[in-house]
Amino acid sequence: MSSNSEHSELQNGTPEPESEPEAAAAVAVAAEPPAADPDPQLPDPSDAEVQQPPDAAISGEVQSVDADEAPNSVPEAEISDESSGAAVQSNQEAEGDSKLAAAEGNRTFTMRELLNELKNGDANDNDGREVDTPRSLANSEQQIEQNNAAMELINSVTGLDEEGRSRQRILTFAAKRYATALERNPDDYDALYNWALVLQESADNVNPESSSPSKDALLEEACRKYEEATRLCPTLNDAYYNWAIAISDRAKMRGRTKEAEELWKQATKNYEKAVQLNWNSPQALNNWGLALQELSAIVPAREKQTIVKTAIGKFRSAIQLQFDFHRAIYNLGTVLYGLAEDISRTGGHVNPKDVSPDELYSQSAIYIAAAHALKPNYSVYTSALKLVRSMLPLPYLKVGYLTAPPIGNPVAPHSDWKRSQFALNQEGLQQISFEQRHSSASLSSKSGDMQNGKAAIRIDVPDIVSISACADLTLPPGAGLCIDTISGPIFLVAESWESLDGWLDAIRLVYTIFARGKSDVLAGIIIA
């Protein structure tokens, strides 16, 4: 598929709470609340943890979705921090009851506790301030000065409405508690971390019409406290994660400038650190991919594709950790769409081994269709699907070549394995002939049935137990694929490792959609 005026650009996604869709003719990635971007984007999906980007107009644009965002029409509470500071993960739950019983300086207070104390009055706020501390008077005075500066920022925040003002009172009350804890013990990294969260939440509560304080000033102060907390406790992975979100929010305020580029680089480093400390975090991987996408839109053209391909790897890793993570699925679709647009525009497809723009467009459509099938009520996904549906190999979700053994003989000599065309839809995976591809969308025949006089392989989705890459000496050379079914394993060989990734993702997504009871939605996409 060649790029033309009909196709909009696919813009980078922002960390789970990042960029918003802008122009109606572009495609953007979802993950964070989208920040206003000069380029058009694919619509952004979002969850409760991620800020919600405005629904994109139904146009040729694909916007990115922040992992922590959730569309206004579908309120959720799944992911945090993918958007700006609104969905900040809390370190409080990680602390055991024994810690809560320890010195008050190290105590993490829940919002419920803070609200109760606020209702009961804060007459005892100053209790304990006279307790002796090993810290020098000079250090205490310095800490008090820093606390006062941060409190001035928080005290000057005015909420957007009565609910916002009520929430800000609680945040201010919490900040006082953490300030007291730090005056007693400047090395209390828990208090530093939680105060940073308060500052980050307060930044989201800033009235746009207010001149003081600025959202950026609150986020900058939050970043300082995250930095100090991680200096004192280098294994505080939540701090790195939320710090990266705060940096991403600051970067989004600066557009595509050199300063924004440096901030995006800092954000990617912090997401990397968060993943190193907690590899089992699909949200952090998704936000990392979004930050890389944003960075790719600013760096010189010679660096762009390398960064985009790295972002693709992060989104794919997030999906492998959580197969139904629709935000990462959608974001992967948008970044592939953008890569196809770039290659088509610049003529970068030279090496025959590289994936062609047409194939990238088709891959993009698979992920966007899957995201829509998992969350059919997300208007962002619906708008993006209208743009890319024609890029699918209808009436199938995916069609391509795999090398397969003769039916019933998986250990046949390599010379007996044959390259043939396979098609995947909501029912399963099956060998097809050219005539069959254009005549029927139903995989009605069973494995071993005759097609054009020959038995054909067919794998029904309900029969799948697992799917994985396979390196087995009994297989022909290439990228091996093992689909374990209730009747035993079926081995196939993809044309390349890149092609194998596409097959693995597509089959896993179809199975996940089936397991979530959404196969009818997928069928409506590819057959209607």
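# A guided tour, stop by stop

Across the whole structure, a search turns up 20 salt bridges, each a side-chain nitrogen of Lys or Arg within 4 Å of a carboxyl oxygen of Asp or Glu. What you have open is a predicted model, in which local features need pLDDT of at least 70 and side-chain atom pairs count only at pLDDT 80 or more, while totals for chains, interfaces and linings use all residues. Residues are numbered from 1 along each chain as its sequence is written, and side-chain values use heavy atoms, with hydrogens and water left out.

**The whole chain**

Start with a cartoon view. The chain's secondary structure comes to 16 helices and 13 strands; these are DSSP runs (helices H or I, at least four residues; strands E, at least two), numbered from the N terminus. Of the 528 residues in the chain, 56% are buried. Here buried means under 20% relative accessible area, exposed means over 50%, and partly exposed lies in between, using a 1.4 Å probe and protein chains only. If you look at contacts (heavy atoms within 4.5 Å) with a separation of 6 or more, 65% of those in the chain come from residues 24 or more positions apart.

**Stop 1**

Select Glu221 and Arg224 and show their side chains. The two form a salt bridge, with the closest N and O atoms 2.7 Å apart. Both sit in helix α6 (residues 215-232), and because they are 3 residues apart, about one helical turn separates them. Is Glu221 buried or exposed? Glu221 is buried, at a relative accessible area of 10%, whereas Arg224 is partly exposed at 43%.

**Stop 2: Glu261 and its two partners in α8**

Next, select Lys258, Glu261 and Lys265. Lys258 and Glu261 meet in a salt bridge at 3.6 Å, N to O, and Lys265 meets Glu261 in a salt bridge at 3.2 Å. Lys258 and Glu261 are 3 residues apart in helix α8 (residues 258-277), about one helical turn; Lys265 and Glu261 are 4 residues apart in α8, also described as about one helical turn. Color by accessibility here: Glu261 is buried at 6%, Lys258 is exposed at 54%, and Lys265 is partly exposed at 29%.

**Stop 3: α7 against α8**

How do the two helices run relative to each other? Their axes come within 8 Å and cross at roughly 160°, so α7 is roughly antiparallel to α8. The axes are lines fitted to C-alpha atoms over the stretch in contact, and angles run from 0 to 180 degrees between N-to-C directions; over 145 degrees counts as roughly antiparallel. The crossing is left-handed, meaning that the near helix is turned anticlockwise from the far one by less than a right angle.

Now show side chains at the contact. On the α7 side you will find, among others, Tyr240, Trp243, Ile247 and Ala251, and α8 contributes residues including Leu263, Trp264, Tyr271 and Leu277. The residues of this contact divide into 14 nonpolar, 4 polar and 3 charged. In that tally Ala, Val, Leu, Ile, Met, Phe, Trp, Tyr, Cys and Pro count as nonpolar, Asp, Glu, Lys and Arg as charged, and the others, Gly among them, as polar.

**Stop 4: α10 against α11**

Move on to helix α10 (residues 301-321) and α11. They pack at an angle of about 160° with axes 9 Å apart, and are therefore roughly antiparallel to each other. This crossing is left-handed. Among the residues that meet are Val308, Ile312 and Phe315 in α10 and Leu332, Val335 and Leu339 in α11. The contact of α10 with α11 divides into 12 nonpolar, 2 polar and 3 charged residues.

**Stop 5**

Gly333 is buried, at 0% relative accessibility. Draw a line from Gly333 to Ala369: the two are 36 residues apart in sequence, and their C-alpha atoms are 8.8 Å apart in space.

Finish at Ala423 in strand β6 (residues 418-424). Ala423 is buried, with a relative accessible area of 0%. Select Gly400 as well: 23 residues separate Gly400 from Ala423 along the chain, and their C-alpha atoms are 6.7 Å apart.

Technical notes:
Angles under 35 degrees count as roughly parallel, over 145 as roughly antiparallel, 65 to 115 as roughly perpendicular and the rest as oblique.
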